[in-house]
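Opening the notebook on this one.

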Amino acid sequence: MIQRGEYLNFLTETKDKQIIKVISGIRRCGKSTLFELYIEKLLTLGVEKDQIAFINFEDIEYEELLDYRKLYQYICARLIPDKMNYVFLDEIQHVLSFEKAVDSLFIKKNVDLYITGSNAYFMSGELATLLSGRYIELKMLPLSFAEYCTGCPENLTIEEKYRRYVEQSSFPYVLNYNNSEKEIRDYLSGIYHTVLLKDIVARYKISDVMMLESVTKFVFDNIGNRLSVSSIANTMTSDGRKIDPKTIEKYLNALLDSMMIYQARRYNIKGKQYLKTLEKYYVVDIGLRYMLLGKRSTDVGRILENVVYLELLRRGYDVYVGQIDDAEVDFVAINGSGIEYYQVCASIRDQATLSRELASLQKISDFYPKYILTLDPDPNADYDGIKCQNALDWLLKKPF
């Protein structure tokens, strides 16, 4: 198993604290495995097996526990008095009114509660309202490039590892297929159709599945491009697939809730305000994009941009697309410590391209860090405080 160190540290640091640990993320990103790794760690810390309860609600063995009352009774019957009990409820969104069981378990002093879900919907309704201030959310993604490299054959170059990372997938289980393209494609197809049919079509009661797939393909094909509901509707209608903006908006929200795509809103750098139109969208895994679109859509720069966007999310930033005058900055990354600005480009060896990438960052008058990330295998460079670094080194967290 690949050790998901940062996620494990999150669970370890919150162990025994009176707060519900919520792990959200797309299906098969590694949530269940994270629980397994953490349970192993608990056992090494002296926790006994009978203090641990683990239920995966996608396992038919626990089908009768999809009733929240039976779930609560089942857990209570197994609690060890006078000891801390560690309760793991995996894919809990399958339990109708699960928040009632969660709330009742939470108030018990000897229960340390961990739950996962595969869509954002389960955190946007009654659970978030009922447990406001009593839970902490860990947003989980598939493997980072650094994590992926730990599971790759050692004889591969870093460039070969990156190529596999984007072409095959960042979903952890793909590494078990030993570079078999057919098995990987079948596996990714299974994830895609499960998310589409179970997490989107069924939940949102969508009748036109073919149109939903058309919208999904359109968004996947336009990662890193400014999009609006009306522009998508107009483009698809002009291509002979008539659809109204309200339906597009519904489908986009469903794709976002399933965590198959992420939205980067625009941010006015001078005015320090968020803009409401022309957002950009990025996919949770480039391998899914290749599976859906084929290798015809291989814009190296936009794929790298997608990878960098997800990595910034992993590192705890809120990520926006920057707007300054008539120029655009690929990413404005904001956290409690401040702001960082990023331009992402496949290559800046052409002087005109370098000048263009520098120009947007040079318009920014503050003194927060500014970076250009590129796939050029060149030494680090500094252009009057704007740092240029190889993107793969940055993804591996090599210092500038």
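Predicted model: local features only at pLDDT ≥ 70, side-chain atom pairs only at ≥ 80, totals over all residues.

Before anything else, the cut-offs I am using: buried means under 20% relative accessible area, exposed means over 50%, and partly exposed is what falls in between.

**Entry: the salt bridge of Lys397.** I looked up Lys397 and got a relative accessible area of 45%, so I put it down as partly exposed. Its salt-bridge partner is Glu6, with the closest N and O atoms 2.3 Å apart. This pair ties distant parts of the chain together: Glu6 sits in helix H1 (residues 5–13), Lys397 in the segment after helix H15 (391–395), and they are 391 residues apart. Glu6 is partly exposed as well, because its relative accessible area is 49%.

**Entry: other salt bridges.** How many salt bridges does the structure hold? I get 27. I went through a few of them.

Lys83 and Glu48 meet through their side chains at 3.1 Å, N to O. Again the pair links distant parts of the chain, 35 residues apart: Lys83 is in the loop between helix H3 (68–78) and strand S3 (85–90), Glu48 in the loop between helix H2 (31–44) and strand S2 (52–56). I have Lys83 as partly exposed at 33% relative accessibility, and Glu48 as partly exposed with 39%.

Asp366 and Lys370 also form a salt bridge, with 3.6 Å between the closest N and O atoms. Are these two buried or exposed? Both are buried.

I also found a network of salt bridges that links Arg27, Arg28, Glu58 and Asp199.

**Entry: H9 against H11.** Next I checked how H9 packs. Its axis and that of helix H11 (residues 245–257) come within 10 Å and cross at roughly 70°, so I call H9 roughly perpendicular to H11. The crossing is right-handed. From H9, the contact uses Met211, Leu212, Val215, Thr216 and Val219; from H11, it uses Ile248, Tyr251, Leu252 and Leu255. I sorted the residues of this contact by type and got eight nonpolar, one polar and no charged.

**Entry: Ser214.** Is Ser214 buried or exposed? Its relative accessibility is 16%, so it counts as buried. What does Ser214 touch, leaving aside its neighbours within four places in sequence? I find it in contact with Met236 and Arg241.

How values were computed. Residues numbered from 1 in each chain as written. Heavy atoms only, no water. Buried < 20%, exposed > 50% of the residue type's maximum accessible area, 1.4 Å probe, protein only. Contact = heavy atoms within 4.5 Å. Salt bridge = Lys/Arg side-chain N within 4 Å of Asp/Glu carboxyl O. Helix = DSSP H or I, 4+ residues; strand = E, 2+ residues; numbered from the N terminus. Axes fitted to C-alpha atoms, helices over the stretch in contact; angles between N-to-C directions. Parallel < 35°, antiparallel > 145°, perpendicular 65-115°, else oblique. Left-handed = near helix turned anticlockwise from the far one by under 90°. Nonpolar A, V, L, I, M, F, W, Y, C, P; charged D, E, K, R; others polar.
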